[in-house]
Amino acid sequence: MLFLSFLIVAAGVLMTQLTLGFMEDSSQNLELRRWVYSKYGNAARATWTMFEATFTTGWPAIARPLIDEVNPWFSIFWLLYVILVNFTVMRVVGALFLKQTMNQANIDAERLAMEKLKSKEQFTGTLTKIFEIADTMVDGVLHRCEFEAMMKNQEVLALFENLELEAYEVQTLFDILGDDDGLVDYE
């Protein structure tokens, strides 16, 4: 931003110097001289005009009268200014902001992935604990009778509540997984 501010101020001072002779020439159109003075009459006015030309789309309205009615050589200044400042510098600044935004988004995505992984580990750990409690036959599968006993166990119901699962959801899941043979293994 400091570099861009420097360019705007430097362009304003330069435009004041370049238009000074025209403003002092009494043989020129008085209305045009007043317009040039209102836009470029001193360093502050010219800097504000260059600020407007940089950050708005109004630069043609500021440049065209200078080129058409004051001196066509102003076209070189405006061509260079628009290409170097409006397009090049502003695009670089925009790209830097975009890069920073994308970096922040990547950090947020990594943080979210880590939280999801931790949540998955906790969910898996809780399910392992539930399965160990429920598998009273210790054969690695839950039979229908073990499942029904598990659903009456307050410790297991509390674990399901921690996982934000309702009893009917657990019942439906068991029915889906044990549809073939009425057995559900840990996997």
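Me: In which loop does Val-138 lie?
Reply: A quick note to start: this is a predicted model, where local features need pLDDT of at least 70, side-chain atom pairs count only at pLDDT 80 or more, and totals for chains, interfaces and linings use all residues. Residues are numbered from 1 along each chain as its sequence is written, and side-chain values use heavy atoms, with hydrogens and water left out. Helices (H or I, at least four residues) and strands (E, at least two) are DSSP runs, numbered from the N terminus. With that in hand, Val-138 sits in the loop between helix 5 (74-134) and strand 1 (141-142).

Me: Is Val-138 buried or exposed?
Reply: Buried means under 20% relative accessible area, exposed over 50%, and partly exposed in between (1.4 Å probe, protein chains only). The relative accessible area of Val-138 is 68%, so this residue is exposed.

Me: What is phi of Val-138 near?
Reply: Val-138 is a residue other than glycine, yet its phi is positive. The value is near 50°.

Me: With which side chain does the side chain of His-143 make a polar contact?
Reply: His-143 lies in the loop between strand 1 and helix 6 (144-150). A polar contact is a pair of N or O atoms within 3.5 Å; within protein, one must be able to donate a hydrogen and the other to accept it, and residues adjacent in sequence count only if both atoms are side-chain atoms. At 2.6 Å, the partner of the His-143 side chain is the side chain of Asp-139.

Me: Leaving aside neighbours within four places in sequence, which residues is Thr-49 in contact with?
Reply: Thr-49 belongs to helix 3 (residues 43-55) and counts as buried at 2% relative accessibility. Contact means heavy atoms within 4.5 Å. Beyond those sequence neighbours, Thr-49 touches Lys-39, Tyr-40 and Ile-62.

Me: Why is the protein described as more spread out than a compact globule?
Reply: The protein has eight helices and two strands. The radius of gyration is taken over C-alpha atoms, and the globule rule is 2.2 Å times the number of residues to the power 0.38. For 187 residues that rule gives 16 Å, so the protein is more spread out than a compact globule, with a radius of gyration of 37 Å.

Me: What does the C-alpha trace span along its principal axes?
Reply: Here we look at the whole protein again. Along those axes, the C-alpha trace spans about 110 × 25 × 25 Å.
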